Amino acid sequence: MWRQVQGCDDWEGLLEPDGVHPVLRAEVARYGELVDACYKAFDLDPASRRYLNCKYGRERLLEEVGMPGAGYEITRYVYAAPDVTVPTMEPSTSGRGRWIGYVAVSTDEMTRRLGRRDVLVSFRGTVTPAEWVANLMSSLEPARLDPCDPCPDVKVESGFLSLYTSADKTCRFGGAGSCREQLLREVPRLIDTCAKGRPGEAVSVTLAGHSMGSALALLLAYDLTELGLNRGAPVTVFSFGGPRVGNAAFKARCDELGVKALRVANVHDPITKLPGIFLNEATAGVLRPWRASCYTHVGVELPLDFIRVGDLASVHDLGTYVALLKSGGDKQAAAPPDGGVLAKVMEFVGRRRAGAVPWQDAALQMGGLVQTLGLI
């Protein structure tokens, strides 16, 4: 039933009214763990030669993070550089390209289990101050990713677009090109290689990400299908705690192109309500003059419901998302034993200061604003 799991019929009958189908739940959790690997492999040690890059080589990553039997071979690391300036950061680090995830392809054994060859792109979420700034750039601008058909009415959040399209040629590990250029070379190459190596074998393209990473996944899905670089292979996004990315025209175009997106969203997670606190799909009908400026979610929602008093960071933590999926909805079993990925990231972010205000405090203040507005 891999086509149903990948959303060929928009997951009809797999989400409700009888709860999430166990096969779908297991597959979504599996992709969440493959995204979690990005956080576990991300080097947050300022003394390390690989600071803010991946700690391991491609052949070792999944084994080193405790997933030796994941069933994927990583073919490329992906880097992104937001075109933003953070005045309080050192000039040598502001706007530099950072490791954002990886591209992989399923092994022969995993392919037999899945029923198709799976090309996977996995993206981590926000960690560095420059990425936080990019996330807060909530203005919409035309994506214009297809030079032959710019579609000026299709608009996306400017910060996410910057992360996707900006390049840092000085990046020590990433090689030349923007995040977009790296991916538009590698993903079609893998699809073509699969087609030539085993003619007739089914191929899927799965793009998975958490938070900011889910926004990049959705931009890539739109880009690949708009340019036809998916070569007809189905393209599916599994989004964990993802924000809105574009306007209604962006959603409509994704739907028209056949992009499938399953949004795993904690109902208490404020990030899933952003951007577009006031201008969104719920208010578009009332605020018709501003319809083109209203942010709209893409895809189908798989809602979760968890919150732990005294640990509000857990509402957006990927580890908690995955644990709840694996536990079948048991909130007591869903607490990550080590405090979760976000706790580690926030500890790191807290060490980077914006003037006299820690980035951790700034993030929590933003969360407080959202809470004040009645979103959680």
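**A helix, ring pairs and strands**

Guide: Helix α8 is followed by G228, whose phi is positive, near 75°. Helices (H or I, at least four residues) and strands (E, at least two) are DSSP runs, numbered from the N terminus. This is a predicted model, in which local features need pLDDT of at least 70 and side-chain atom pairs count only at pLDDT 80 or more, while totals for chains, interfaces and linings use all residues. Residues are numbered from 1 along each chain as its sequence is written, and side-chain values use heavy atoms, with hydrogens and water left out.

Visitor: Is α8 mostly covered or mostly uncovered?

Guide: Mostly covered: 15 of the 16 residues in α8 are buried. Buried means under 20% relative accessible area, exposed over 50% and partly exposed in between, with a 1.4 Å probe and protein chains only.

Visitor: Now the rings. How many aromatic pairs does the structure hold?

Guide: There are six. Rings of Phe, Tyr and Trp (its six-membered ring) pair if their centres lie within 6.5 Å; planes under 30 degrees apart count as stacked, over 60 as edge-to-face and the rest as tilted. One of the pairs is Y31 with F238, which is stacked because the centres are 5.0 Å apart and the planes are at 15°.

Visitor: Where do Y31 and F238 lie?

Guide: Y31 belongs to helix α2 (residues 22-41) and F238 to strand β7 (residues 235-240), so the pair ties together parts that are 207 residues apart in sequence. Both residues, Y31 and F238, are buried. Another stacked pair is F42 with W99, at 6.2 Å centre to centre and 25° between the planes.

Visitor: Which residue lies over the face of F42?

Guide: R124 does, at 4.1 Å from the ring centre. A charge sits over a ring if NZ of Lys or CZ of Arg is within 6 Å of the ring centre and within 35 degrees of the ring normal. R30 likewise lies over the face of Y31, at 4.5 Å from the ring centre.

Visitor: And the strands: how many bridges join β7 to β9?

Guide: Five bridges join β7 to β9, and the two run parallel. Two strands pair if DSSP finds at least two bridges between them. T236 stands opposite K260 in β9.

Visitor: What about β9 and strand β11?

Guide: Strand β11 (residues 300-304) runs parallel to β9, joined by five bridges. N266 stands opposite L304 in β11. As for burial, seven of the seven residues of β9 (residues 260-266) are buried.
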